[in-house]
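Open the coordinates in a viewer and keep the selection panel at hand. The stops below run from the whole chain to single residues.

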Amino acid sequence: MVRKKPASSTHTEHPIPVACPTCETLERRYDNTIGQSRELLECRFQSLREKVRELHRWQENRDEAIEDFYAHKRMHRIQIVKARRARKIA
Ligand SMILES: [Zn+2]
């Protein structure tokens, strides 16, 4: 009879905490807006005006993505500072 190895043996522990999922999502969103803008530059549009309009739209999306990302990062810092203070008190 052959015993199967437990599946958990392949599990590796990460000493560094896994990146925040919200950060990942926001970063992906930002990368996506960059990618879309680049693709637009390669695309052929019926008129230059249309192309410029689309580019502006994606630039706005990118700016929004950056703003959201920074706002979220700021929140992280506040949380870290709070956690440190709490530890000092305790
Ligand atoms: Zn985060």
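Helices here are DSSP runs of H or I with at least four residues, strands are runs of E with at least two, and both are numbered from the N terminus. Residues are numbered from 1 along each chain as its sequence is written. The model is predicted: local features need pLDDT of at least 70, side-chain atom pairs count only at pLDDT 80 or more, and totals for chains, interfaces and linings use all residues.

Start with the whole chain in cartoon view. It shows two helices and zero strands. Now colour by burial, where a residue is buried if 20 or more other C-beta atoms lie within 10 Å of its own, exposed if 12 or fewer, and partly exposed in between, with C-beta atoms placed from the backbone. How many of the 90 residues count as buried? The share is 2%.

Next, select residues 48-89, which make up helix α2.

Select glutamate 54, a residue of helix α2. Glutamate 54 is partly exposed because 15 other C-beta atoms lie within 10 Å.

Arginine 57 has 14 C-beta neighbours inside 10 Å, so it counts as partly exposed. Draw a distance from its C-alpha atom to that of threonine 33, 24 residues away along the chain, and the separation is 9.8 Å.

Go on to isoleucine 66 in helix α2. Why is isoleucine 66 partly exposed? The reason is its count of 14 other C-beta atoms within 10 Å. The C-alpha atom of arginine 29, 37 residues away along the chain, lies 9.0 Å from that of isoleucine 66.

Finish at glutamate 67, again in helix α2. Is glutamate 67 buried or exposed? Glutamate 67 is exposed, because it has 11 C-beta neighbours inside 10 Å. Tyrosine 30 is 37 residues from glutamate 67 in sequence and 9.9 Å from it in space, C-alpha to C-alpha.
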